[in-house]
Amino acid sequence: MTNIKHTGAFDNSFFRACHSTPERGVPALLLPEWYAITQAFCLGTQTYNSLFVPEITRCDGARRDALEEAMLVSIAIGAGEFGMGSYGPDGIHYRMFARLGGPLDIPLERLREKPCGTLPATARLVEGIRTALSDLYLGAGCIRVVESTAYNIVEAMDHLFRAKRAADGTPLFNEHHLEYVTLHLELEKEHDSMSESFISLLSDTAEHASCIEDGVDTLCGLFADYWESTAQAVFPATAAA
C-alpha cells in the first residue's frame, strides 16, 4: 500500500506556507476551492454508503460480517460530515466551512455557484472524488486519503485563518467562524485510525486490495496537484518569489 505520508497529499507547499508565513495568505482565494472539495466528499459519502447493500446481500459468513463492520465505519464517517443530523443544515460540514466567508463578504450562495471551484486542479479533484466514491473499493482508497491527511489540512487552515486581522488589529475570524477548523482538529486523528481499519476490512482479496491501492494512488496524485495549485493561488507573493 502506498505510504500516504510520503506523498504531496500529506506534505506540500500549501501546508508549509500556512505554517511558516500564514500572514501572506489570502483566505478569500481558498474558500471556493476547499468548499468545492469538502462538499463533493460530504455528499459523495452518502452515495458511497449505498454501495454496501448489494455486496452484503449476496454473501454470507465471515465476508458478510466484515462488510457489515466496514459499512458501520463508513456510515459513522459520513454521518459525521452532516453533524450526525443533530444541528440542522448549519451542522453540515461544507456549510460550516462556508461560515468563514462571513468576514470576507463571501456568502454561501456565491460558493454554491462554483461546485467545482475556480482552479482546474479543483475541478479535477472534485471529479476524482465523485468517480472514486461511485465504486466500493476505489472509494475506500479515497476515504483513506482524505481521513489520513485531514488533520494536516485543518491544522494548516487554523494557522492561515487565525493569522488574519481586522483593520483595528483584532482577529478577523471568531470562534463561530472557525468551528469547521476547531471541530476537525478534534476529530481527524480518530478518523485516521477508523479509515485504516476500514480499508483492512475491505482488503479481503488481492484484487480488492489492489483496487483500494489504485484509489489511494489516484487521490494522492489529485490532492498533491490540488494543494500545489492552491498554494500558488492563496500565497501569490510566495509563488512569484
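Contact here means heavy atoms within 4.5 Å. Keep that cut-off in mind as you move through this predicted model.

**Stop 1: Phe52.** Select Phe52, which sits in helix H3. Is Phe52 buried or exposed? Its relative accessibility is 0%, and buried means under 20%, so Phe52 counts as buried. Now show what surrounds it. Setting aside neighbours within four places in sequence, Phe52 touches Leu67, Ala70, Met71, Ser74, Leu136, Phe198 and Leu202.

**Stop 2: helix H9.** Select residues 179-202, the 24 residues of H9. At 1.5 Å a residue, H9 should span 34 Å; its end C-alpha atoms are 33 Å apart, so the two values agree. Where is the kink in H9 centred? Go to Leu187: the kink there is about 40 degrees.

Now colour the buried residues of H9, among them Tyr180, His184, Glu188, His191, Phe198 and Leu202. Which helices do the buried residues of H9 pack against? Show H2 (27-49), H3 (52-57), H4 (61-80), H5 (93-98), H8 (136-162) and H10 (206-234).

**Stop 3: H1 and H10.** Select H1, residues 13-20, together with H10. Their axes are 7 Å apart and meet at an angle of about 40 degrees. The two helices are therefore oblique to each other. Show side chains at the contact. From H1 come Ser13, Phe14 and Phe15; from H10 come Trp227, Glu228, Thr230, Ala231 and Val234. Five of these contact residues are nonpolar, two are polar and one is charged.

How values were computed: Residues are numbered from 1 along each chain as its sequence is written. This is a predicted model: local features need pLDDT of at least 70, side-chain atom pairs count only at pLDDT 80 or more; totals for chains, interfaces and linings use all residues. Side-chain values use heavy atoms; hydrogens and water are left out. Helices (H or I, at least four residues) and strands (E, at least two) are DSSP runs, numbered from the N terminus. The expected span of a helix is 1.5 Å times one less than its number of residues. The bend at a residue is the angle between axes fitted to the seven residues ending there and the seven starting there. Buried means under 20% relative accessible area, exposed over 50%, partly exposed in between (1.4 Å probe, protein chains only). Axes are lines fitted to C-alpha atoms, for helices over the stretch in contact, and angles run from 0 to 180 degrees between N-to-C directions. Angles under 35 degrees count as roughly parallel, over 145 as roughly antiparallel, 65 to 115 as roughly perpendicular and the rest as oblique. Ala, Val, Leu, Ile, Met, Phe, Trp, Tyr, Cys and Pro count as nonpolar, Asp, Glu, Lys and Arg as charged, and the others, Gly among them, as polar.
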